[in-house]
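Q: Got a model here to go through. Can you take me over the side-chain contacts and helix geometry?

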Amino acid sequence: MAAPTPTDRKFLGRLSLPERRYLTDALRTETVGGVLLLLASVIALIWANTPLSDSYETVSDFHIGPAALGLDLSIQHWAADGLLAIFFFVAGIELKRELVAGELRDPKAAALPVIAALCGMAAPALVYALVNTLGNGSMDGWAVPTATDIAFALAVLAVIGTSLPSALRAFLLTLAVVDDLFAILIIAIFFTSDLNFAALGGAFAGLLLFWLLLRKEVRGWYVYVPLALVVWGLMYNSGVHATIAGVAMGLMLRCTTREGEKHSPGERIEHIVRPISAGLAVPLFALFSAGVSISGGAIHDVFTQPVTLGVVLGLVVGKSVGIFGGTWLAARFTKAELNPDLAWPDVFAVATLAGIGFTVSLLIGELAFADDPVLTDEVKAAVLIGSLIAAVLASVLLKLRVRKYQALVSDEERDDDQDGIPDIYEQDDPDYHLRMAEIYEKKAAEHRERAQLAGAPRDGADRPA
């Protein structure tokens with residue numbers, strides 16, 4: 001018997017079983033990818049801060065690609081404009097699924113994470129603007145601290161060994177999905193160079209063809225992959241950031257199931273592409289973007305220059321205050337009750353964890369200061385330092401409650417009848433209770449037999465009163 005969907009509408013309440021399974025599968029891949037992302041970042045920093053640093057610059061600046069098609073790009077640009085398109089393709093699928101089948105499909109349920117994400121982007125931008133207004137710095141980097149990196153955040157969780165209940169993980173993932181949506185809009189609106197309308201028209205025509213093929217249910221990767229590459233190339237040459245092509249195609253996929261389908265086409269494709277995104281595309285982007293010089297002088301500059309200080313404070317202070325404040329106010333005005341198993345400090349810990357703004361923050365930093373390579377590297381260093389501080393603070397806050405989290409996760413995962421469905425989802429199923437009664441009867445009989453072997457009287461006549 002299928003587990004009933006919970007009617008609990010509390011904030012951070014228990015997820016439905018399908019949502020929990022989807023979340024578990026998605027976060028497992030993202031966590032592995034996050035660990036690879038950490039490793040790639042460490043390798044990049046070591047490579048760029050040793051006598052091998054010249055080779056790092058040589059490889060990063062090496063150009064490859066057909067110049068006739070406007071695609072003679074450096075390795076670093078291929079990673080930022082090409083590989084990240086895969087990351088944003090997955091983000092597009094995630095967003096579409098959340099809108100039609102996930103937490104965002106119900107406006108009431110979506111209100112809290114959406115408001116939290118918006119406040120979690122507005123507050124860092126305001127912090128950055130305040131610091132640079134007072135310090136006479138550049139306002140060009142206002143968008144750098146607005147992004148959250150879900151893969152890096154999950155990698156931190158994996159490294160520190162903290163077990164987060166599924167509701168908190170879902171809140172973090174939903175925040176990141178909404179965050180990605182607005183980061184995409186920021187890139188499209190504020191970081192679009194001079195437009196090539198012929199290339200842009202060709203990209204839109206390719207996207208229209210992509211949509212028509214999906215509507216006609218044409219199958220075959222050999223149709224869609226070449227078309228996707230053409231759309232990406234046209235989008236790159238149009239002046240609009242090429243990653244927008246990935247988002248657009250992800251949003252076009254059908255993410256609802258039809259009769260006889262176990263998974264929607266979007267979920268199937270995401271299952272295939274997500275490991276490529278998390279395990280290859282994002283780590284390679286980090287490898288060629290995180291390699292900045294970290295010295296005593298560079299660290300000193302990060303905390304004394306308004307641009308870089310604004311990025312650090314935006315990630316560490318702006319993110320945590322914005323997300324927590326937005327969530328608390330939204331819950332207060334919508335009268336949403338917090339799950340009694342959790343507390344507001346748990347929300348603050350997750351808000352602090354969202355201050356890890358690695359991948360998209362590095363990308364926006366590159367776009368914002370493309371004409372100033374020195375400042376670009378300084379902003380990257382600020383992103384790394386700010387993300388590290390946020391990770392350490394979140395780790396401390398989460399460790400304070402780790403025993404509570406572990407108990408909640410244990411309850412979520414307990415499956416005493418071993419039917420593949422956690423017991424917590426079967427409390428209203430009579431068959432579950434009958435199975436458990438049979439299990440306990442067998443255990444009782446086994447213990448009575450052991451008692452007799454240990455010398456207990458059969459009729460219990462000589463037992464002490």
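This is a predicted model: local features need pLDDT of at least 70, side-chain atom pairs count only at pLDDT 80 or more; totals for chains, interfaces and linings use all residues.

Q: Cys255, buried or exposed?
A: Buried, at 5% relative accessible area. The cut-offs: buried is under 20%, exposed over 50%, partly exposed in between, with a 1.4 Å probe and protein chains only.

Q: And Cys119?
A: Cys119 is partly exposed, with 29% relative accessibility.

Q: Switching to rings. How many aromatic pairs?
A: There are 9 aromatic pairs. Rings of Phe, Tyr and Trp (its six-membered ring) pair if their centres lie within 6.5 Å; planes under 30 degrees apart are stacked, over 60 edge-to-face, the rest tilted. One of the pairs is Trp47 with Tyr56, edge-to-face at 5.1 Å centre to centre and 75 degrees between the planes. Tyr56 is buried, at 3% relative accessible area.

Q: Why is the pair of Trp142 and Phe190 edge-to-face?
A: Because the planes sit at 85 degrees, with ring centres 5.1 Å apart.

Q: Which parts does that pair tie together?
A: Trp142 is in the loop between helix H4 (107-134) and helix H5 (150-160), and Phe190 is in helix H6 (residues 166-190), so the pair links parts 48 residues apart in sequence. Helices are DSSP runs (H or I, at least four residues), numbered from the N terminus. Trp142 itself is partly exposed, at 25%.

Q: Which residues form one aromatic cluster?
A: Trp78, Trp232 and Tyr236.

Q: Now Thr359. Where does Thr359 lie?
A: In helix H14, residues 359-368. Thr359 is buried, at 2% relative accessibility.

Q: Which side chain does the Thr359 side chain make a polar contact with?
A: That of Asp149, at 2.3 Å. A polar contact is a pair of N or O atoms within 3.5 Å; within protein, one must be able to donate a hydrogen and the other to accept it, and residues adjacent in sequence count only if both atoms are side-chain atoms.

Q: What does Thr359 touch?
A: Leu37, Leu84, Asp149, Val282 and Phe285, leaving out residues up to four places away in sequence. Contact means heavy atoms within 4.5 Å.

Q: Last one. Where is the kink in helix H12 centred?
A: On Gly314, with a kink of about 40 degrees in H12 (residues 306-334). The bend is the angle between axes fitted to the seven residues ending there and the seven starting there. Just after H12, Lys335 has a positive phi of about 60 degrees.

Technical notes:
Residues are numbered from 1 along each chain as its sequence is written. Side-chain values use heavy atoms; hydrogens and water are left out. Helices (H or I, at least four residues) and strands (E, at least two) are DSSP runs, numbered from the N terminus.
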